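Dear colleague,

I am handing over the model that we talked about, together with some notes on what a computed analysis found in it. Please look through the notes with the structure open beside them.

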Amino acid sequence: MSYQSISFIAFSLLAVALYYLLGKKMQVWVLAAANLAFYIIAGVEYLPYLLVTMLATYFAGLIISRIYNKTDLRLEKCTEMSEKKELRAKAKKKAKRVLVIALLIAIALLAVCKYTAFAFENINAVLKSFDRETLTPFKVIMPLGISYYTFMAISYALDIYWKRYKAEKNFLYYAVFLSYFPHVVQGPIDRYNEFKEQIKDGISFKSENLAEGSQLMLWGFFKKLVIADRLGMFCGTIIDEWETYPGLWIALAVVVYSIQIYTDFSGCIDIVRGVSEMFGITLRRNFNHPYFSKTMGEFWRRWHISLQEWFKDYIYYPVSASNFTKKIKKYYKNKGKKRAEELFASCFPVLVVWMITGIWHGASWMFVAWGIFHAILLIGSQVFAPFFQKLTQWLRIKTDNFGWSFWQMTRTFLLCCVGRVFFRASTIADSFGMFGKMFSDVKISSLFDRSVIKALDFGAENMVISLIAIFVLWAVDMLQERMPLRKTLAQQNLIFRWSVIVIGLLAVIVFGIYGPGFEASSFIYEQF
Amino acid sequence: MKFLKVKKFVSAVCLFLVIASVVGSAQDVLISRSEIDSQFIPGFYEERENSLDAVYIGSSNCYTTWNSAFAFKEHGICVYPYSSNGQPFYASRYLIEEARKTQKDAVFVVNINTVFDDTVPFDHFHNLINVMPDSLTKLRMINHLCYMGGYSIEDSWEFYFPFVRFHSRWDNIRARDFQMVPSTLKGASTTHRYLDWSSNVTNKYVTSDKVGELPEKIEKSINDMLDYCEKEKLKVLFVTIPQAVEEKSRIERYNAVNELISSRGFDTLRLENKLEEIGLNLKVDYYNGEHTNIHGSLKFTDYLSKYLIEKYGFKDKREDESYNDWHLALEEYSDIANVKVLPYEYKLSQRDYDMGMTKLRSEVGDGEIELTWDEVEEADGYLLYRKKKESYIWRKLTVGEDTSYLDTDVTTGKGYSYYYALVPIREEKGTRYYGDAYYNGKKVKT
């Protein structure tokens, strides 16, 4: 069931209605039933995979909690410091074993489902180069949302292990969290304690939840159906056949793709957050107007926030605090290389995070290249930061004005666009081919070439709608930077509020790219 | 506190109603409802309550074979086609229910010809639902048609909310989309194909006595319809019109459906093998294998009118002042029809369908056009018509026994065109009988 379908809207409204009508005590059951129905509609064959990860991490949490509780009881009776230290170390070791088993199960499932084909592809490429017989890959299915719920399950198990909160005893709550239909397909990647805190006592009906939730959904549909899918028709045509288009058109398509992917992903997230708000459950924010970022570091704090925070909490910090990192830091410290020590401490975890981020996004060398690209940018910004600071001072460039901010935002956006080439191209060869053409085939006149415009079959009306919609997007994002927009809207007069809603809805219904006659364009991030 | 809750609830309901009316209005504009053959159903709702003798339910087969203006002109009966292009047969039960809301006492004539189609193509589906007013009957009909058409839930949304399919028409909106104009011609067709085309479909005509297999789903749908008609004690006549469709499987399906309907005690009128009796000429009376043109429908309408009058005792309403709107419609329609129909075609009681036909040959001379033709065995003479422009009415040029005519009332050398049509005739006991002509005539360019 696609998030952009009428079936999904009807399903959500029915679930919301039952959620409030059946009372607080039944709410978690209603959510469980809705999640189960959603997942079964997607494919009943996916259920076992979800259940295995769910049960592995649930029981791991219980066992780890039990280990810690038993240890705490023993510690109370213990008086010797050395005995206490030994008890803690033993408990940690036991807990670690359980944790590792649970994580291995979850990660192995993810790896097998997601990377089997990729592994076989590469093994066969090597075998072919040695003229050996290739292997036949076995078929695996890709369970719905496996990348997302696996990360949520891992975060739960690790949080229990790190004693951030106690394990959940009630399996129903944990099951509802992991399979929660608004976030199971493409995030945001939530944390169990935040989720549980909101639903544990039941949620009272508030009309504001319905109003604001539906407004957020409407905004999400506008971004996805009016902007993203429309722009997708434009840039998809060019990027898929880049060899036949002039360089400037390819560059334009890459820029447009950057807007498409933002509106596609953030649109979907707004839809699911809107649905969740109607249940009275606030999901993690995933986007914070990333194209207003002035540096790549800031960009990654504003884009796919829940994933970046997951990597920060579960990869970056652990790697930073790992024994290996400590050893290297100590090595540089002993050599008196403070700068090297600082750089290694900040850059090595970044490299690890981005290698994993790349491969998480997809089983393809394209995504690995994309991850390495961003790692280089982030590491580069750290390494060269003092140099750039001196340069701006030497050139007497004022950095506290709009012009400099605009330059920074533009530079950051264009650097993202460069990365998008790897993200969107079919192969690495294609991505370099596109770069080559963008810089070699540069004719301003090609932008006015009628034959190219005709071949695109995009139409002046689509161009106008796109420009107006992007302007609206920019205006809303600007306003959101300055004020809580939905709360501000709620304070306006009735006619203004209703006009905004009716016009917004009409715009989605009339100008949205959906329905028979348009190719079903699924969400870009759904494939992960 | 309670007052605030009530206020919010009322506000939400009002907003919902505002949204529904705005979206509904936008949808009405976006749906393409302004095509000529989409206007019959809206026109039906303009009819006075309980004023119709019968309602004719079916697809384009209805309004191309039945001409309600002719029926009123010749026989004074009022039979309106509740029909749309490609109207699914499986909708009939609900359309009867719908039509009964305003025409309780009418007889229902149901055309079964579309029952050959096991599917419900989306465009035919929309042709019907886009012009029907919203009602529970319509909703139940949509449910049923989605089931019969095998549409998934996802694919069904466009029928409940047509904007799903038609929203992208925003860049094609025309002025006429803002207002749906119902037919004022009582359902008489004015499509270009119906008025102007004539095609020889003789080779496509097939017959069969075999009774085909009825799929279970279709059998159940028909039985449900018959159950409804039985329960409501309705007068219903199921008609199979003659077509030239090449596929014997269709005829075999008609046989099966008619057998089922008859076995349930309902009246059927099987006209598929009655071409001669009706007088339909496969060479000139059809514009394609499935549809008669205006010439064929004149004959068909006359035949069916006489049948209905005899069976149901419909009264002649031509002198009834309350039916002045039918006279007005007839007057309006005559202006359209008279430039297409040869004057003798209205003399239905003086038609001889057994007479052969002959084609005209022409030769343009200096200030003259010579027309020649082959003799028709059964004919005593020939009636020649002419018009100077396609939009003019046919005028009698000459009548005689010769098989040639020299038209000197022409201007040649200036690129003018003249149209000629030839009808074989015979005289019997002082009455002239007319055969069939190539109705579109022969165009001679000078």
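Where is the place of A:Pro188 in chain A? A:Pro188 sits in the loop between helix H7 (181–184) and helix H8 (192–199) of chain A, where helices (H or I, at least four residues) and strands (E, at least two) are DSSP runs numbered from the N terminus. The peptide bond that leads from A:Gly187 into A:Pro188 is cis, with omega near 5°.

Before going further, please note that this is a predicted model, in which local features need pLDDT of at least 70 and side-chain atom pairs count only at pLDDT 80 or more, while totals for chains, interfaces and linings use all residues. Residues are numbered from 1 along each chain as its sequence is written, chains are lettered from A and ligands numbered from 1 in the order in which they are written, and side-chain values use heavy atoms, with hydrogens and water left out.

Backbone and single residues

A:Arg396 belongs to the loop between helix H15 (365–394) and H16 of chain A, and with a relative accessible area of 73% A:Arg396 is exposed, in the scheme where buried means under 20% relative accessible area, exposed over 50% and partly exposed in between (1.4 Å probe, protein chains only). B:Asn50 is found in the loop between helix H2 (40–44) and E1 of chain B, and B:Asn50 counts as partly exposed at 39% relative accessibility.

A:Val421, by contrast, is part of helix H16 (residues 402–424) of chain A and counts as buried at 2% relative accessibility. The C-alpha atoms of A:Val421 and A:Thr237 are separated by 14 Å, the two residues being 184 residues apart along the chain.

Cysteines

Over all chains the structure holds zero disulfides, a disulfide being a pair of cysteine sulfur atoms within 2.5 Å. For A:Cys268, the closest cysteine sulfur is that of A:Cys235, at 18 Å, which is too far for a bond. A:Cys268 is buried, at 0% relative accessibility, whereas B:Cys14 is partly exposed, with a relative accessible area of 34%.

Sheets of chain B

An open sheet of five strands in chain B has the order E2-E1-E3-E4-E5, with parallel pairing; two strands pair if DSSP finds at least two bridges between them. Strand E2 (79–83) and strand E5 (267–270) stand at the edges, each with a single partner strand, so one side of each is left without a neighbour in the sheet. Neighbouring strands of this sheet are turned by 25° against each other on average, direction ignored, with axes being lines fitted to C-alpha atoms (for helices over the stretch in contact) and angles running from 0 to 180 degrees between N-to-C directions.

Although E2(B) is an edge strand, five of its five residues are buried, so E2(B) is largely enclosed by the rest of the structure. B:Val79, B:Pro81 and B:Ser83 on one side, and B:Tyr80 and B:Tyr82 on the other, are all buried, which leaves both faces covered. Strand E1 (residues 54–58) pairs with E2(B) in the parallel sense over five bridges, and B:Gly58 has B:Ser83 as its bridge partner in E2(B). Further along, four bridges join strand E3 (residues 107–111) to strand E4 (residues 236–240), which run parallel, and B:Val110 has B:Phe238 as its bridge partner in E4(B).

Another open sheet of chain B is formed by three strands in the order E8-E9-E12, with antiparallel pairing. Its edge strands are E8 (360–364) and E12 (404–407), each of which pairs on one side only, and neighbouring strands are turned by 20° against each other on average, direction ignored. E8(B) pairs with strand E9 (residues 369–373) over five bridges in the antiparallel sense, and the bridge partner of B:Glu363 in E9(B) is B:Glu370.

With kind regards
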